Amino acid sequence: MNSLREDLHALAEQAPAVDLAAQAVRGARRRRATRLAVAVAAATCLVAGGGTVLFQQLRPEPPIVLNPPETTASPLPSEGVGPVEQAYRPECRTTSCAKRAWRLVTRDGDTYEVTAAPGTGPLEVTADGRRLAYYSPKQRTIVVRDLASGKIWKSPLKQPTEDFSVSTEHTLRLSPSGLRFIVSSWGGRREPNKLVDVERGTVSDLPRGWWPVSVSDGSGPVVLAKPYENSSQVWVLGHDPITIQDFTYDYSALAPDGRTLTRLGQTFDADREPMVQQDGSIVVFDAVQGGRETRVPISGIPEELHPSRLGSWLNATEVTVVASPESSRGPVPRVYAIDVRTGKTRELFTLRNYGTTSVPGLVH
């Protein structure tokens with residue numbers, strides 16, 4: 001019989017990716033992406049700290065600052081690396097470390113530093129944790145790498161580093177194999193929105209203002225979304241866009257059937273702030289034809305955690321979700337599988353807290 005750790009690793013093989021820091025800025029990023037003429041921008045600031053000033057005749061002792069211990073990391077080997085559990089950028093409180101390289105943590109607990117991937121550029125891992133994609137400033141393109149064999153593919157799209165500067169927001173959405181992806185950025189001069197097929201060597205322009213939701217391998221479906229003030233549109237390329245009555249980006253990847261999509265349910269209350277809040281349900285709908293939706297309450301997640309991001313599908317009926325606390329002082333986020341028919345969940349694993357964290361496969 002397998003140990004509990006082995007069972008969790010097996011369940012995590014198709015786990016999604018979550019960028020916890022991106023949740024705090026996603027509203028601003030997405031409104032820029034859609035270029036909506038909204039007069040009021042929302043911003044949330046969390047200010048922690050405070051103290052009492054003591055007037056003394058003697059000079060006070062300098063404050064003692066306790067920094068968290070630095071985790072050592074070996075350079076990423078050229079091959080022989082196991083599936084990745086998560087990627088992270090070390091927490092940074094000074095401008096001197098703003099471009100720290102990304103690090104990978106494997107399911108076996110090994111930690112590696114991706115020295116070729118600066119912290120400001122995009123980095124994603126395929127949902128199975130076996131392939132890595134990142135922007136290489138040296139080669140001026142997205143590089144895809146098989147972690148076990150060491151095989152490397154280079155994107156045919158050349159991009160300047162300004163596309164991924166600290167002043168821009170960017171997204172890299174991978175197909176299951178990582179060899180087809182969408183790369184987008186906002187806030188810079190160029191603002192590319194490109195669909196790239198590495199195997200075929202092709203690059204296609206996507207409409208501006210549409211945010212990438214899901215990319216399939218080969219010639220499979222590509223899903224985009226665009227929000228409006230009180231609704232959103234979802235577009236499976238090759239079909240007409242459908243309209244849903246929520247302003248949201250909280251979608252899953254496209255299901256194996258090529259048409260089913262889920263999103264986190266919402267409720268609207270003009271007397272609360274924010275007025276739009278998640279209602280603890282998952283909504284299943286047809287992304288090709290639209291029409292009837294199924295709203296199922298989510299159960300089995302502790303009260304102190306709330307569904308925050310959806311990801312890839314584990315099978316025909318289960319989709320992954322990250323549950324996060326409302327504040328940074330809450331419990332550590334966890335990844336669950338949701339049965340979209342019943343709303344019942346089962347825990348897959350707990351995330352580690354490193355600062356900016358990303359787990360393979362999440363739509364974020």
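Two strands count as paired if DSSP finds at least two bridges between them. In this predicted model, pairing of that kind joins 4 strands into an open sheet with the order 5-6-7-8, and the pairing is antiparallel. Strand 5 (123-125) and strand 8 (152-154) are the edge strands, each pairing on one side only. From one strand to the next, the twist averages 20°. Strands of a sheet pair through backbone hydrogen bonds, either parallel or antiparallel.

Within this sheet, strand 6 (residues 131-136) and strand 7 (residues 141-146) pair over 6 bridges in the antiparallel sense. R131 has D146 of strand 7 opposite it.

Another arginine, R103, belongs to strand 3 (residues 102-106). Its relative accessible area is 7%. Buried means under 20% relative accessible area, so R103 is buried. The side chain of R103 makes a polar contact of 3.3 Å with the side chain of E113. R103 can also be located relative to L76: the two residues are 27 residues apart along the chain, and their C-alpha atoms are separated by 8.5 Å.

D250 is found in a loop, the one between strand 16 (242-244) and strand 17 (260-268). D250 counts as buried because its relative accessibility is 6%, with the cut-off for buried being under 20%. The side chains of D250 and R309 are joined by a polar contact of 2.7 Å.

Conventions: Residues numbered from 1 in each chain as written. Predicted model: local features only at pLDDT ≥ 70, side-chain atom pairs only at ≥ 80, totals over all residues. Heavy atoms only, no water. Helix = DSSP H or I, 4+ residues; strand = E, 2+ residues; numbered from the N terminus. Buried < 20%, exposed > 50% of the residue type's maximum accessible area, 1.4 Å probe, protein only. Polar contact = N/O pair within 3.5 Å; in protein donor to acceptor, adjacent residues only side chain to side chain. Axes fitted to C-alpha atoms, helices over the stretch in contact; angles between N-to-C directions.
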